[in-house]
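Me: I have a structure open here and would like to talk it through with you, one topic at a time. Could you take a look?

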Amino acid sequence: MVINARNLVKRYGELTALDHLDITVEEGEIFGLLGPNGSGKTTAINCILSLLDYDEGSIEVFGRPMTPENYEAKRKIGIVMQNVAVFQELTVYENIDYFCGLYVADKTLRRKLVNEAIEFTGLEDFRKFRPKKLSGGLLRRLNIACGIAHKPQLIILDEPTVAVDPQSRNKILEGIAELNRNGATVVYTSHYMEEVEQLCTRIMILDKGRAIATGTKDELKAMISIGEKVIVDTDVPDEALLKALGGIRGVSSVSYSEGAVTVTSGRGMSSLEAVLEILKKSGAAYSRIRTELPTLNDVFLEITGKGLRD
Amino acid sequence: MPVFKLCLKIIKKNLPLMIMYMAIFLVVSVVIASANKQNEEKATVFTSSRTAMAFLSEEDTPLTRGLKQELAKVAVFVEIENSDEAVKDALFFRKVFYALKIPEGFSEDFMSGKAPVLETIIVPGTIPAVYLEMAVNQYLNTARLYVDSLQGIGQAEVVQSVAKDLENSSVVVIPESDGLVGAQNFSSYFFNYLAYSLLSVLILGVSSIMIVLKDKDISRRNHASPVSRNSMTVQIFMAMVLLTLGAWVAMTGACFLLNIKGSLNVNFLMFMLNSFVFALAGTGISFLIASVIKGRNALSAVNNVVTLGSSFLGGVFVPQQFLGPAVLQFSKFLPTYWYVKANNLIGFLTVFDPEHTAEVFKSMGVVAAFGAAAFAASLILDRRGRLS
Amino acid sequence: MFVHIFKTRLKCLLRDKEMLFWSLLFPVALALLFNIAFSNLNAHDTFEPVKLAVVADESYLQDAAFRGALRNVSTGESRIFDLQETELAAARTMLRSNDISGYILAGDVPTLITSGTGLGPSIAKTFLDSYLQMQSSVNSILAKDPSSYEELMDRLNARLSYTKEVSPGGGESNPVLNYFYSLIAMTCFYGAFFGNREVLDVQANLSPLAARISVSPVHKLKSFLYSMCASLLINAAEVLLFILFLAKVLGIDFGEDTGLVVLTALMGSFTGVTFGAFISSLVKKDENVKIGVIIAVSMTGSFLAGMMYGEMKYIVQQNVPVLSYLNPINLLTDAFYCLYYYDTYTRYAVNMGILATFAVVFCLGTYLVIRRRKYAGI
């Protein structure tokens, strides 16, 4: 077990930021912490890193209790913080070299590592740039390079893609997957469910400091009652049509909003064929039909009664 | 007025800091003004206060006793050890401002017609010590007249005659007048030091607002909004003027309250007007500085150079009459110079007709022109900034 | 690890050009301005004759001796008065519009009519008193020996100076020097900005950068000390450069003990930088407030040490002596002055001792705050 946190409780006065939280991360996995803003993701990470005091619980990293003095563990961890933390006065190369130097003393080895990190994050053309001159996406990439240059066994990334353009985001996600393939265990926090879904092998959904569900994405989706959705773009439908759609076997709900009728089936059921048949029979005009499988947002919605991005 | 409102919010957030600055600089002004006023009073013969001195005599004769008695009119004697170290310490700590050493055999030499010299040690720049020095010389020169003119006269007789002579004094009449009397008015000093304090508070205050506004992202967003750049600058400037008004009211108000008796006259109104013009000019200057300097730490260095520098050269800390003509020529390029000049003139005004006040208003005009120029310069710089 | 952190920190500080430029330029610029402003103060050639009028009435025109004495001190290069002999009405008008300091009415006892009690009227009164006293002497001498009249008149004009100003061992007392010494002290305390930044960059609850460094496998205090060394080096170099400028370019006198001057500068710089770290650790508000407190404390300290108004130092010493020992900027200023003024070292040692105590307190206070490695909130 790489991380074994038991029964974590962290309170800020009245507010309970972590509420008896257990987190275990196994070697080799990409562990996702998913939750809306303020759900306790960063607090959990900061506790694991021994930056934050916690009120109850215990944390072990690489099998040893985690304390600020546990340099052996710290040496194996690479951290990419939510806020970009680099020196404004240093160039891209110097920044990476500085942080890498806190872990690796040997200069020759370090030069190799820094160059690899630059290549890995695609910052080759910006070696001599100061952070001020970098775009948001490049800055995030620099932030990542500073965290991973020393080839850590455990990489913790706290919302590394906030405010990043889609291109950079894809590059970052691909990079993380590659780090994992090269043997690193990854802890990844985000409030973008698509990212977590795409990247993580195991996911924990956090809300108000509690783990409300943990598992692979299929396991999570299997937990909830809804199945496939059929979405039909159409003009305002008449009552009869909606009623007919609602009558399809296995359909749990039918709703209309903003030019689209959504037909939601129960778990494991499909209604596409039946929907098509009814539409054809009623002669209603529609422009497009598509189906959607349940997302982690649906999981979150069903458990908490609210959306992830509320 | 969205930008104006934003500025007010920033001011509100920084209020404790600004009140702290204001309180400190206010105290600085008050302390210097009262200390200076006391000093100025000491610098005249009309004062009843006597200067601390050390009378280090190695002999005790009628002549030295007579001299000591005469000096007692203008000095208080402080007993200190007659050694270099002790004298130096006493002068250093201002326990005494003047030390007079009378060597063994002085009286004998003096009576025999020689001209023995007494060693004195003075805290430099102490005007009261000059009066002590004059008193010693006046006493001995008068005694000398008797010794030289009347052969065989005894010490006791000389001392007696001199004491009688030195009792003579002239009459001084100070007629009442409608304005302030002389420069030694508290307000006059206070308003001079205001040139330092007010400018410091303004630069610190204005720049802490500008640092927030100039934050790259905020300034971009501001400039992307449908508010024209000029209107934005004007709005920011209006907020600064409001800040200035607050600081000005607080500081001049404090002066009024501290010295109500000395403030109920036309001079005080003129002081107020003059400082108001200076305060507005100060806003323009602070605005210009804040738009040129970017770093927060660098700003306080610039603030020091501008406020302290202009105060020293403009005659706030060192009176204008003590600055050399070449320096004054240069000082004319500083608004502080004109502000202090106007203050000094106002301090002496007793008649308020155009003939006497013309010079004052001319100086105020120059200060106002400096302010306008600074504001215009920051507008131009702002436009340049947009192009590049 | 020391070299790695120290070197990087040095690089960062040296690249903050604006800060570097101003923190060195501001004392130099101020020293130049001080120098200009004081250039005339020590050269006692600024005495302006007092503008005075005398009413040319009957008694004035008849009193030849008084007229002679008054005219005597109102002519020539080193005259005391710029004298005008006028009508009473004209004298009144001139006094009202401040064209003269006062006017004299002659008589048995001359009268001075003046608008105030400033320096000008004081000089006029001293002259009148001295004239009356001399007149009294002449009368009483002539009463005893009328034959001595001729000689007496000669003697009257041959006034001697019986005093000579001397200075005891060490440097001569020179209040202007205090302005420059306090400026050095302020430059030292400008190092507080460096100290402040060091704490901001090591306390994980103050900046993301500090949080990032905290999770690296380097002991927090060590990394703080290493990078503090860079700040101390830069500030000390700035202060020493500034002193070099004062001594070599402006010719400011520092006494004989160059070694001790350097030691004092290093001590001051150390106290200044640690002061900033101390304030930054102590004040639990945002950076704005921290810097505000640093500015406020150092300006107040400089003011009390006599940087704006030289007398201030002595006012404090006389009225609230404790305050002069509790003000590190004053201690530093005083230490420099002692090196110049005294040829003994007691007072210097006292200053340096208290200053060292301050430095220890600053270090200890900073240590107590930053030794904490886990935070209640970030």
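Me: What does the secondary structure of chain B come to?
Reply: Bearing in mind that this is a predicted model, chain B has 16 helices and five strands.

Me: And how much of chain B counts as buried?
Reply: Chain B has 388 residues, and 46% of them count as buried.

Me: What about contacts in chain B between residues at least 6 apart in sequence, what share joins residues at least 24 apart?
Reply: Within that set of contacts in chain B, 79% join residues that are at least 24 apart in sequence.

Me: Let's look at a helix pair. How do H3 and H6 of chain B pack?
Reply: Helix H3 of chain B, residues 62–71, packs with helix H6 of chain B, residues 127–149, at an angle of about 140°, and their axes are 10 Å apart. With that angle, H3(B) is oblique to H6(B), because angles over 145 degrees would be needed to count as roughly antiparallel.

Me: Is the crossing left-handed or right-handed?
Reply: H3(B) passes H6(B) in a right-handed crossing.

Me: Which residues meet there?
Reply: From H3(B) come Leu67(B), Glu70(B) and Leu71(B), and these meet Leu132(B), Ala135(B), Val136(B) and Tyr139(B) of H6(B). By residue class, the contact of H3(B) with H6(B) divides into six nonpolar residues, one charged and no polar.

Me: Changing topic, which chains have the most contacts between them?
Reply: Two pairs of chains touch, and of these the pair formed by chains B and C has the most contacts. Chains A and B, on the other hand, are joined by no contact, and their closest C-alpha atoms lie 11 Å apart.

Me: How many residues are in contact between chains A and C?
Reply: On the chain A side there are 25 residues, in contact with 23 residues of chain C. Helix H2 (71–76), strand E6 (77–80) and helix H3 (92–101) of chain A each supply at least two residues of the side that touches chain C, and the largest share, three residues, comes from H2(A).

Me: What classes do the chain A residues on that side divide into?
Reply: The side of chain A that touches chain C has 17 nonpolar residues, four polar and four charged.

Me: Last one: what domains does the assignment give for chain A?
Reply: The domain assignment gives domain 1 as residues 3–221 and domain 2 as residues 225–293 of chain A, and the centres of these two domains, taken over C-alpha atoms, are separated by 42 Å.

Technical notes: Residues are numbered from 1 along each chain as its sequence is written. Chains are lettered from A and ligands numbered from 1 in the order in which they are written. This is a predicted model: local features need pLDDT of at least 70, side-chain atom pairs count only at pLDDT 80 or more; totals for chains, interfaces and linings use all residues. Helices (H or I, at least four residues) and strands (E, at least two) are DSSP runs, numbered from the N terminus. A residue is buried if 20 or more other C-beta atoms lie within 10 Å of its own, exposed if 12 or fewer, and partly exposed in between; C-beta atoms are placed from the backbone. Two residues are in contact if their C-beta atoms, placed from the backbone, lie within 7 Å. Ala, Val, Leu, Ile, Met, Phe, Trp, Tyr, Cys and Pro count as nonpolar, Asp, Glu, Lys and Arg as charged, and the others, Gly among them, as polar. Axes are lines fitted to C-alpha atoms, for helices over the stretch in contact, and angles run from 0 to 180 degrees between N-to-C directions. Angles under 35 degrees count as roughly parallel, over 145 as roughly antiparallel, 65 to 115 as roughly perpendicular and the rest as oblique. A crossing is left-handed if the near helix is turned anticlockwise from the far one by less than a right angle, and right-handed if clockwise. Domain bounds come from an automatic or database domain assignment.
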